[in-house]
Amino acid sequence: MEEKTKLNMQMYDPESVLAPLQKLNLMDDFLFDAATVDLETCKIIIELSLGITIRNIVWKEGQKVIHNLPGNRGIRLDFYVEDDQGQVFDVEMQKRNEGNIPKRTRFYQALIDAPMLKSGERGFDGLKPAYIVVICGFDLFGYGLYRYTFDNRCKEVPELVMGDECQKIILNTKGKNDHEVEKALVDFLHYVEKSSEENVPEDCDERLKHLHKKIHQIKMSEEIGVSYMKMEERDRLIRDEGLRRGRAEGKAELISIIRKKASRGMAAADIADWLETECGEVERILELMGTYPDWTDLQVAEELVRRENVYEDQA
């Protein structure tokens, strides 16, 4: 495996491998995932996010994926850990405002809680204190706060906390209330958005400086750089395939019409005139239908798209 990695790295120029990594920030999924395989990094992120100090953390059963009942949706967690006091922490990174984040945290809480209780266990004391943290690159609620903390309270008696020991914390890298929160949080969130030396103030929390050293090590790793380039290439191929598939499905509708018109005896020129399209395109489609009479409309469309792509590549 190590030999294979070395061979893969030899195929890339070091400068071209490292350059894309330098542009990444902790807000980006790849860098956040690469950084949070390290427990110490996870601990720093939790402490700076919540303004707390914890002694030690361990992976929560090594789980990144929590399954639901068969046929029901599960979840993939960015990182999920437990401290030495039995508190559990789920931390998620959200670069764009996509999906219903409040309801997402509700769903995450349900699936995180469920495995804590064994079948037949009496009572609910086995449910551990839980923190669900979502670090957002936008202000989800529009109040300009760096941190929004939610717990279940009584509407009639606002100071009455239900006591279910689950908090949901939404962080905002674009907060404006600098003087109302700890400086360590402000510096950390600015660093999450722009993870570079310039965003590590001289007077910042020592934990942030330590975090930056770890991020710098990742950004200088050729092995991680190669992994990132391969992921980008896979994503590009998937996008291209999606576009190709979309083009084919669009053409399949046109081919279906042409097939029906041709079956009624219409000539290619008449079909083209009726569709207000080029006669040459109709002729190519009819030729493919004749060559492959058993093909579906989608199969004919996919072959047409394939030939168009070859022509475009040669042009």
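Predicted model: local features only at pLDDT ≥ 70, side-chain atom pairs only at ≥ 80, totals over all residues.

Biologist: Start with helix 4. Which residues does helix 4 cover, and how far apart are its end C-alpha atoms?

Modeller: Helix 4 runs over residues 39-50, and its end C-alpha atoms are 17 Å apart. At 1.5 Å a residue, its twelve residues should span 16 Å, so the two values agree.

Biologist: How many of its residues are buried?

Modeller: Nine of the twelve, so helix 4 is largely enclosed by the rest of the structure. Buried here means under 20% relative accessible area.

Biologist: Which ones are they?

Modeller: Thr41, Cys42, Ile44, Ile45, Ile46, Glu47, Leu48, Ser49 and Leu50 are the buried residues of helix 4.

Biologist: And what comes just after helix 4?

Modeller: Gly51, with a positive phi of about 70 degrees.

Biologist: Now the packing. At what angle do helix 4 and helix 7 pack?

Modeller: About 140 degrees, and the axes of helix 4 and helix 7 (residues 206-219) are 10 Å apart. The two helices are therefore oblique to each other; the cut-off for roughly antiparallel is over 145. Their crossing is left-handed.

Biologist: Which residues make that contact?

Modeller: Helix 4 contributes Glu40, Thr41, Ile44, Glu47 and Leu48, while helix 7 contributes Arg207, Leu208, His210, Leu211 and Lys214.

Biologist: What about helix 6, what angle does helix 4 make with it?

Modeller: Helix 6 (residues 183-193) packs against helix 4 at about 125 degrees, with the axes 8 Å apart. Helix 4 and helix 6 are therefore oblique too, and helix 4 passes helix 6 in a left-handed crossing.

Biologist: Which side chains or backbones are we talking about, by residue?

Modeller: On helix 4, Ile45, Leu48 and Ser49; on helix 6, Ala184, Leu185 and Phe188. Leu48 is also listed in the contact with helix 7.

Biologist: Which sense do strand 1 and strand 4 pair in, parallel or antiparallel?

Modeller: Antiparallel, over three bridges, with strand 4 at residues 79-83.

Biologist: What stands opposite Ile57 there?

Modeller: Asp83 in strand 4.

Notes: Residues numbered from 1 in each chain as written. Heavy atoms only, no water. Pairing = 2+ DSSP bridges. Helix = DSSP H or I, 4+ residues; strand = E, 2+ residues; numbered from the N terminus. Expected span 1.5 Å × (residues − 1). Buried < 20%, exposed > 50% of the residue type's maximum accessible area, 1.4 Å probe, protein only. Axes fitted to C-alpha atoms, helices over the stretch in contact; angles between N-to-C directions. Parallel < 35°, antiparallel > 145°, perpendicular 65-115°, else oblique. Left-handed = near helix turned anticlockwise from the far one by under 90°. Contact = heavy atoms within 4.5 Å.
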